[in-house]
Amino acid sequence: MSNPSELDAKILDDVADALIYADRSGTIMRWNRASTTLFGFTAAEALGQNLDLIIPEHLRPAHWKGFEAALASGAMKLAGRPTLTRALHKSERKLYIEMTFALVRDAGGAVQGSVAMARDVTERVERERAAKAAQNS
């Protein structure tokens, strides 16, 4: 693999965490193999779709408010810090995921979109909640 962009694509596809890149309109433009494993949608099903594909309906207003604010200001409140949130699996099962976000800029510094890395923490969250409930009963 002598082509650096081929190597970059291979690295992104092979990382363990889901990697999703969305353009300024919130359209999914990059969806790696781990995204398919986590969310159940193939790249063919996800690419070109809106991020609402994986955002539970009740969280969409807050997501889009934050997304628009980040694009407008060029800064993210959570940049680089993991946040726990909910997501939708293709099966309509709700997941707990931990995500980090970053803005993607072109060579001139203009924001082109946002990239997110995500991992499933559903089992951990449910275990912690069960332990807490057991303590409180």
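Trainee: Where does serine 73 lie?
Mentor: Serine 73 is in helix 4, which covers residues 60-73. Keep in mind that this is a predicted model.

Trainee: Which backbone oxygen lies 3.1 Å from a polar atom of its side chain?
Mentor: That of alanine 75.

Trainee: And how far is serine 73 from leucine 7?
Mentor: Their C-alpha atoms are separated by 32 Å. Along the chain, the two are 66 residues apart.

Trainee: OK, switching to leucine 12. Which element holds it?
Mentor: Helix 1, residues 4-14.

Trainee: What does leucine 12 touch, leaving out residues up to four places away in sequence?
Mentor: Leu19, Arg30 and Asn32.

Trainee: Take asparagine 32. How far apart are the C-alpha atoms of that pair?
Mentor: Leucine 12 and asparagine 32 are 6.5 Å apart, C-alpha to C-alpha. In sequence they are 20 residues apart.

Trainee: Why is leucine 12 called partly exposed?
Mentor: Because its relative accessible area is 29%. Partly exposed runs between the buried limit of 20% and the exposed limit of 50%.

Trainee: Now glutamate 92. Where is its place?
Mentor: In the loop between strand 3 (83-88) and strand 4 (94-105).

Trainee: What about its phi?
Mentor: Glutamate 92 has a positive phi, about 80°, and it is not a glycine.

Trainee: Why flag that?
Mentor: Because most residues other than glycine have a negative phi.

Trainee: Why does glutamate 92 count as exposed?
Mentor: Its relative accessibility is 68%, so it counts as exposed. The cut-off for that is over 50%.

Trainee: Zoom out. How many helices and strands are in the protein chain?
Mentor: Five helices and five strands.

Trainee: In what order do they run?
Mentor: From the N terminus on, α-β-β-α-α-α-β-β-β-α.

Trainee: What box do the C-alpha atoms fill?
Mentor: Roughly 55 × 35 × 25 Å, taken along the principal axes.

Trainee: What share of the residues is buried?
Mentor: Buried residues are 31% of the 137 in the protein chain.

Trainee: And the accessible surface? How much is there?
Mentor: About 8300 Å² for the protein chain. Carbon and sulfur atoms hold 55% of that.

Trainee: What about contacts between residues 24 or more positions apart?
Mentor: They account for 41% of the protein chain's contacts with a separation of 6 or more.

Trainee: Last topic, charges. How many positive and negative side chains are there?
Mentor: The protein chain has 18 positive and 17 negative ones. The centres of the two sets lie 6 Å apart.

Key:
Residues are numbered from 1 along each chain as its sequence is written. This is a predicted model: local features need pLDDT of at least 70, side-chain atom pairs count only at pLDDT 80 or more; totals for chains, interfaces and linings use all residues. Side-chain values use heavy atoms; hydrogens and water are left out. Helices (H or I, at least four residues) and strands (E, at least two) are DSSP runs, numbered from the N terminus. Buried means under 20% relative accessible area, exposed over 50%, partly exposed in between (1.4 Å probe, protein chains only). Contact means heavy atoms within 4.5 Å. Accessible areas come from the Shrake-Rupley method with a 1.4 Å probe; for residues, only the protein chains shown count as cover. Lys and Arg count as positive and Asp and Glu as negative; His and the chain ends are not counted. The place of a charge is taken as NZ of Lys, CZ of Arg, CG of Asp or CD of Glu. A polar contact is a pair of N or O atoms within 3.5 Å; within protein, one must be able to donate a hydrogen and the other to accept it, and residues adjacent in sequence count only if both atoms are side-chain atoms.
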